[in-house]
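Hi everyone, thanks for coming along. I'd like to walk you through one model today, so let me put it on the screen.

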Amino acid sequence: MKALEVLLGYGCNEKCLFCSQDLAWRRAPGLPFGLVARELFSAAKDGCRAVCFTGGEPTLRRDLPEMLALARRLGFEHRRVQTNGLRLGEPGAVEELEAAGATHFRISLHGHTPRLHDELVKAPGAFVKATAGLERILARGLQVGVNVVLNRANAPFLPEVCAAFLDRGVSDFVLIYPLYEGDMASHEPEMSLSVADAAAAVRRAVAAFARRGAPRPR
């Protein structure tokens, strides 16, 4: 399936220690709705049937429901929101995006406990809010996956991180090796992770998936 990824802007409501985006980018204005609409029309005409709205944090955009609705009208069958999940914890947020046209979500969750996740994203209460949104998505029968950015703090717990969300009903995981740019470069001393240590963590996680009979993470 041909897919379009729309990076709406770099603005975000978290301050992840491992973020590869430069702080100055987050202050820049996002894509105007008109430009997004033109890209959607062009991609649909070119045969795209999947679209992902990402950022930064796409749920900061008040016009995200309009974009999802337009994508649905244009024939996009797979309409995904890639998010840190903070706003999905608000009452009615998941339902609003579903009603507008969202069929899939991908949530960035970097720890299996509030303490680990919240410390990494520098947003108190983030874990509780994101997992509340995750539960609403699952309860409504929508598709959801989890992104985990590997770093020195969470790599030792990667099997536990994956198990925590497997237990909630998630089977789609993407494990991401960090880019040493932006905030990640600034916090390299406490966040850096060698390729060898990352590979060892992934092997442990894959073994845990195999024991559960779950699909291997990507």
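Let's start with Lys2, which is partly exposed at a relative accessible area of 42%. On that scale, buried means under 20% relative accessible area, exposed means over 50%, and partly exposed is in between, with a 1.4 Å probe and protein chains only.

A quick word on ground rules. This is a predicted model, where local features need pLDDT of at least 70, side-chain atom pairs count only at pLDDT 80 or more, and totals for chains, interfaces and linings use all residues. Residues are numbered from 1 along each chain as its sequence is written, and side-chain values use heavy atoms, with hydrogens and water left out.

Back to Lys2: its side chain meets that of Asp46 in a salt bridge, at 2.9 Å from N to O. The two sit in distant parts of the chain, 44 residues apart, with Lys2 in the segment before β1 (3-7) and Asp46 in the loop between α2 (33-45) and β2 (50-54). Asp46 counts as exposed, at 51% relative accessibility. For the labels, helices (H or I, at least four residues) and strands (E, at least two) are DSSP runs, numbered from the N terminus. A salt bridge here is a side-chain nitrogen of Lys or Arg within 4 Å of a carboxyl oxygen of Asp or Glu.

How many salt bridges does a search of the whole structure find? It finds seven. Another one joins the side chains of Asp63 and Arg61, at 3.0 Å. Asp63 is buried, with a relative accessible area of 14%, and Arg61 is buried too, at 19%.

Then we have Arg140 and Glu95, whose side chains meet at 4.0 Å, N to O. Arg140 is in the loop between α6 and β5 while Glu95 is in helix α4 (residues 93-100), so this pair ties together parts 45 residues apart in sequence. Through shared partners, salt bridges link Glu95, Glu98 and Arg140 into one network.

**Strands, and a positive phi**

Now look at β5, residues 143-149: four bridges join this strand to β6, and the two run parallel. Strands pair, by the way, if DSSP finds at least two bridges between them. Val149 stands opposite Ile176 in β6. With helix α7 (residues 158-166), β5 and β6 make a right-handed β-α-β unit. Right-handed means that, with the strands pointing away from the viewer, the path from the first strand over the helix to the second runs clockwise.

Lys122, however, has a positive phi, near 55 degrees. Lys122 is found in the loop between α5 (114-121) and α6 (126-139), and is partly exposed at 39%.
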